[in-house]
Amino acid sequence: MVVSNYLVTGGAGFIGTNFVRHLLAHTDARVVVLDKLTYAARAESVTSLPADRVELVHGDICDAELVNRLVGDADVVVHFAAESHNDNSLNDPSPFVQTNLVGTYQLLEAVRRHGVRYHHISTDEVYGDLELDDPDRFHEWTPYNPSSPYSSTKAGSDLLVRAWVRSFGVQATISNCSNNYGPFQHVEKFIPRQITNVIDGERPKLYGAGLNVRDWIHVDDHNAAVLRIIEAGRIGETYLIGADGEENNKTVIEAILRLMGRDPEDYVHVNDRPGHDLRYAIDSSKLRSELGWAPRYTSFEEGLAATIEWYRDNEDWWRPMKAATEAKYERTGQ
């Protein structure tokens with residue numbers, strides 16, 4: 001049996017960590033994780049995995065020499081590494097430009113040099129947002145219309161991949177996914193922040209009126225789709241990944257409270273964030289019809305209940321981050 005060697009960038013972050021675990025469970029692959037170990041990543045999420053199959057390299061995807069060496073030893077590169085928090089991108093866009101654009105460029109040059117298969121992880125936020133009453137959803141052909149430094153740099157990275165496929169024949173695919181939730185997500189993000197607030201006996205925080213809609217997908221479903229694309233996707237193609245999980249923020253908070261045994265209306269309103277997109281919605285029919293993928297969690301509340309249970313059982317993982325996160329939000333009135 002041929003064992004594939006994967007290089008997973010950002011594999012100590014939320015989605016990347018879960019992808020590495022998915023690889024271990026469903027393939028015989030060996031994995032090298034390249035991660036800068038910024039505040040949103042946790043080395044322990046990787047070093048706790050079997051050392052004979054997973055190696056953690058602490059480094060920057062903007063380091064051309066390091067990237068070239070690691071890509072040269074890989075059969076497949078999966079690029080999760082990104083600066084991804086909208087609020088942080090509004091405060092300081094520079095890390096987003098460096099990581100999301102320059103870092104992607106370095107990876108593309110390395111996979112071009114070594115002829116390595118490449119999969120690029122992106123977001124539905126590159127498409128901008130939809131009106132709340134718009135019957136349409138995002139498709140692979142939807143024009144890009146990003147609204148933040150985060151989403152604009154991710155859009156730029158997607159376009160780099162497309163150009164390297166067309167100009168240089170790089171063997172690449174792209175996936176754009178809706179909002180993920182699940183284990184190992186930093187407590188600054190919406191769902192884990194509210195879950196951990198309730199665990200601490202605090203009231204959850206709702207941005208503005210809470211009518212902004214996101215298309216939620218459990219991280220395990222996202223990663224199953226990514227692996228399917230790597231195995232069977234057509235080179236040069238983009239696939240949208242979504243689980244038909246449209247819910248507004250108010251409904252999500254009420255569901256968390258109800259599932260955790262609290263009054264569904266026991267939350268507080270905080271300042272909305274600047275440029276807050278109204279609605280995201282994914283049409284994943286291309287992925288489903290071409291590659292036969294379907295989400296395991298067809299019920300959002302089922303996936304949410306599993307996520308709540310994980311945060312209850314893994315307080316030692318998220319507790320060290322909680323106080324600093326809430327202090328930061330406190331300063332912005334959120």
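Reader: Why are E326 and K322 separated by about one helical turn?

Author: This is a predicted model. E326 and K322 are four residues apart in helix α12, so about one helical turn separates them. Helix α12 covers residues 315-331.

Reader: What makes E326 and K322 a salt bridge?

Author: Their side chains meet at 3.0 Å, N to O. The cut-off is 4 Å between a side-chain nitrogen of Lys or Arg and a carboxyl oxygen of Asp or Glu, so the pair qualifies.

Reader: Why does K322 count as buried?

Author: K322 has a relative accessibility of 4%. Buried means under 20%, so K322 is buried. E326 is buried as well.

Reader: Which residues does K322 touch, not counting residues up to four places away in sequence?

Author: K322 touches V187, R193, T196, N197 and D200. R193, one of these, also has its charged end over the ring of Y329.

Reader: How do you know that the charged end of R193 sits over the ring of Y329?

Author: The charged end lies 3.9 Å from the ring centre. The distance limit is 6 Å, and the charge must also be within 35 degrees of the ring normal. R214 lies over the face of Y280 in a like manner, at 4.0 Å from the ring centre.

Reader: What does the salt bridge of E188 with K328 tie together, and why?

Author: The closest N and O atoms of E188 and K328 are 3.3 Å apart. E188 lies in the loop between β7 (179-181) and α7 (190-199), whereas K328 lies in helix α12, so the pair ties together parts that are 140 residues apart in sequence.

Reader: Why is E188 called buried, and why is K328 called partly exposed?

Author: E188 has a relative accessible area of 4%, which is under 20%, so E188 is buried. K328 stands at 27%, between the limits of 20% and 50%, and therefore counts as partly exposed.

Reader: How do E254 and K250 compare with those limits?

Author: E254, at 18% relative accessibility, counts as buried. K250, with a relative accessible area of 28%, is partly exposed. These two residues form a salt bridge, with the closest N and O atoms 2.7 Å apart. They are four residues apart in helix α9 (residues 249-259), so about one helical turn separates them.

Reader: Why is the pair of F96 and Y150 called edge-to-face?

Author: The ring centres are 6.5 Å apart and the planes stand at 65 degrees. Planes over 60 degrees apart count as edge-to-face, so the pair bears that name. F96 lies in helix α5 (residues 94-114) and Y150 in helix α6 (residues 149-168), so the pair ties together parts that are 54 residues apart in sequence. Both F96 and Y150 are buried.

Reader: What makes the pair of F19 and F80 tilted?

Author: A search of the whole structure finds 16 aromatic pairs. In the pair of F19 and F80, the centres are 5.2 Å apart and the planes are at 45 degrees. F19 lies in helix α1, and F80 in the loop between β4 (76-79) and α4 (86-91), so parts that are 61 residues apart in sequence are tied together.

Technical notes: Residues numbered from 1 in each chain as written. Predicted model: local features only at pLDDT ≥ 70, side-chain atom pairs only at ≥ 80, totals over all residues. Heavy atoms only, no water. Phe/Tyr/Trp six-rings, centres within 6.5 Å; stacked < 30°, edge-to-face > 60°. Helix = DSSP H or I, 4+ residues; strand = E, 2+ residues; numbered from the N terminus. Buried < 20%, exposed > 50% of the residue type's maximum accessible area, 1.4 Å probe, protein only. Contact = heavy atoms within 4.5 Å.
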